[in-house]
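Here is a protein model to look around in. Take a moment with the picture, and then we'll walk through it piece by piece.

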Amino acid sequence: MLLKYNFIVRKETKTTMPARILIVEDEMLVAMELEAILEDLGYVSVGIAPDMATALDLGMLKPDLALVDLNLRDGLTGPEIGKRLSGQHNASVLFITANPRVLGNGVAGTIGVLTKPTDLEVVAAAVEYALRRKVGDVAAIPPSSLRLFA
């Protein structure tokens, strides 16, 4: 049986709700396409952030997962955004970038990186893996397209 982790059990209310995902991307067409894909998969977008200030503001909405590009409107701020969303807002973080080498061995507290361009199946598998990890599913197997950080 295939389990879909597009729902997260919220401890504070003991209810099951669609997983909430923040998109950190400054190319609006790319961000909107990603948002549409995620919504088609049953997730809820908490918003699109083109820069660090917006990402941190939207982080206050407590997303379950953030998909973060590296180079944004305000420069190479993606790694710092990922670190802060993970540490300060308890969001799981996946980077999606055309320049994965910039991340070296990774960013503390984040999961890993997908290389752009990517497709629906790759995004779906990586998001499901990240959400399974968030709820403590140790049997979750990462998709081969996702480079995990140590």
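Predicted model: local features only at pLDDT ≥ 70, side-chain atom pairs only at ≥ 80, totals over all residues.

What follows is a short tour, from confidence in the model to one strand and then to the packing inside.

The average pLDDT over the chain is 90, and 90% of the residues reach at least 70.

Let's zoom in on strand 3, which covers residues 20–24. Four of its five residues are buried, so the rest of the structure largely encloses this strand.

Who sits beside it? Strand 4 (residues 44–49) runs parallel to strand 3, and five bridges join the two. Within that pairing, Ile23 stands opposite Ile48. To get from strand 3 to strand 4, the chain passes through helix 1 (residues 28–40), making a right-handed β-α-β crossover. Strand 5 (residues 65–68) is parallel to strand 3 as well, with four bridges between them.

## A closer look at Ile21

Ile21 is part of strand 3. Is Ile21 buried or exposed? Its relative accessibility is 1%, and the cut-off for buried is under 20%, so Ile21 counts as buried.

Ile21 and Val44 are 23 residues apart along the chain, yet their C-alpha atoms are separated by 6.1 Å. If you skip the neighbours within four places in sequence, the contacts of Ile21 include Leu38, Tyr43, Val44, Leu67 and Val127.

## The nonpolar cores

Now for the inside. The largest nonpolar core has 23 residues, and Leu38, Leu65, Leu67, Leu94 and Val127 have the most contacts inside it. Strand 3, helix 1, strand 5, strand 8 (92–97) and helix 4 (120–134) each give two or more residues to this core. Which element gives the most? That's helix 4, with seven residues.

Key:
Residues numbered from 1 in each chain as written. Heavy atoms only, no water. Buried < 20%, exposed > 50% of the residue type's maximum accessible area, 1.4 Å probe, protein only. Contact = heavy atoms within 4.5 Å. pLDDT = per-residue confidence, 0-100. Pairing = 2+ DSSP bridges. Right-handed = clockwise from strand over helix to strand, strands pointing away. Core = buried A, V, L, I, M, F, W, Y, C linked by side-chain atoms within 4.5 Å.
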